[in-house]
Amino acid sequence: MGHVVVIGAGQAGSALVARLRNRGFEGEVTLIGAEAVPPYQRPPLSKKYLLGEMDLERLYLRPESFYAEHSIDMRLGVAVTGIDRAAREVHLGAARLSYDHLVLTTGSTPRRLPAAIGGDLEGVHVVRDLADADAMEPRFVSGAHVLIVGGGYIGLEAAAVAASKGLRVTLVEMSERILQRVAAPETSDYFRALHGAHGVDIREGVGLETLLGEGRVRGARLSDGTEIDVDFVIVGVGIAPGTGLAEAAGLELDNGIRCDAQGRTSDAHIWAAGDCASFPYRASQLRLESVPNAIDMAECVADNIMGADTAYVPKVWFWSDQYDVKLQIAGLNTGYDRIVTRPEEAEGAVSYWYYRGSTLLAVDAMNAPRAYMVGKRLIESGMSPDPALVANTGVALKSLLSA
């Protein structure tokens, strides 16, 4: 059956090696991770883990014993320094590891502030891995002032944790509104009001000019000329796909590591899955940054390594937890031209339905799990209910599935 080597011990890498064994793969399996801990969940790092509501062991995707019990050679704290495609070898410093199939599940890396504006000062943090969360956790002290740069979901989740722990929070977003890249104005308005009710100072259309301090951050000068004193900074300005190894090896890139519908890269012996990979979707290449995509694509690649020849078709969904609000998103809203609002009986519960013409594209559901589940089923089934029925709260959501 050969040797499958997986580089990247995150959600996708863990899902892939587990799938291989669960489907009866009898060859060698090696999982290589740069971090010194077993594969773990990342979303709770900016939520329950920072709040102290989830300990390290509960973060693990599987018990550490799982890998040995399933004959998975897990190598942690190991840096991969290169790939020799001609020899089909992975370089681990001076060591060499041969493969029959290589899978890149190298995830993504957070974008950092340039050193020229203080990005390398002590007290400037990103939220991506366990070390990031552990480094900033001691700074979450009631009364401290944190500046959050970026009004996407990571920034807003960090703001929610900080405000919940009694910190003063200032969030700057250089675009016209928070969540501008990923959500409709209605969703932005909802979360602006939510954070405002918890005392977060959101400044939209305002960027960071420079951080102030000698050695460690002490303050910030904003693009509108104001200066503020801060105790620490959290940067949430997006992530970049982890393509360094692939690029050095000469693999084709296209907003990530370019794959075909089965997850193969431009080298027939190398595959990719998760945040780092782009794949064909509706006549273009799509890259998704989500846990469901990491799992589903990795499992599809595992099946294809074993000969399934199955095209990967994503079932797109995301979520975000902020205070007592659970946002659930189904579908991709790219190209929408209309928003249909459906209020719920519970206070603060609402869903926004994205349409392009008469086609339902996506749903944002805030504390509205039924709307999310129905919307998800509709989108996955290719069904688009009449927008007037969606907006009519007298119409039962379940009936939309047969409308």
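1. Start with the lining of the largest cavity: by class it has six nonpolar, two polar and two charged residues. (Ala, Val, Leu, Ile, Met, Phe, Trp, Tyr, Cys and Pro count as nonpolar, Asp, Glu, Lys and Arg as charged, and the others, Gly among them, as polar.) The residues around this cavity are Leu288, Ser290, Pro292, Asn293, Asp296, Tyr312, Pro314, Lys315, Val316 and Trp317. A cavity here is a set of points, on a 1 Å grid over the protein atoms alone, where a 1.4 Å probe fits but cannot get out, and lining residues have an atom within 4 Å of a point.

2. Before going on: this is a predicted model, where local features need pLDDT of at least 70, side-chain atom pairs count only at pLDDT 80 or more, and totals for chains, interfaces and linings use all residues. Residues are numbered from 1 along each chain as its sequence is written, and side-chain values use heavy atoms, with hydrogens and water left out.

3. That cavity has a volume of about 40 Å³, and the structure holds one cavity of 30 Å³ or more. (Volume is the space filled by probe spheres set on the grid points, which are joined across faces, edges and corners.) H9 gives the most to its lining, with three residues.

4. H9 (residues 291-305) also turns up beside H1 (residues 11-22): their axes come within 8 Å and cross at roughly 35°. The crossing is right-handed. Among the residues that meet are Ala15 and Leu16 in H1, and Ala298 and Ala302 in H9. This contact divides into eleven nonpolar, one polar and three charged residues. (Contact means heavy atoms within 4.5 Å.)

5. Now look at H6 (residues 153-164) and H7 (residues 185-197), whose axes come within 11 Å and cross at roughly 20°. That makes H6 roughly parallel to H7 (angles under 35 degrees count as such). Tyr153, Leu156, Ala159 and Ala160 of H6 make the contact with Thr187, Phe191 and His195 of H7.

6. Last, the second largest pocket, with about 310 Å³ of space. (A pocket is an open set of points with protein on both sides within 12 Å along at least five of seven lines.) Its lining counts 20 residues, and Tyr281, Arg282, Ile379, Glu380 and Gly382 lie nearest its centre. H10 gives the most, with four residues. By class, the lining has eleven nonpolar, four polar and five charged residues.

Terms used:
Axes fitted to C-alpha atoms, helices over the stretch in contact; angles between N-to-C directions. Helix = DSSP H or I, 4+ residues; strand = E, 2+ residues; numbered from the N terminus. Left-handed = near helix turned anticlockwise from the far one by under 90°. Parallel < 35°, antiparallel > 145°, perpendicular 65-115°, else oblique.
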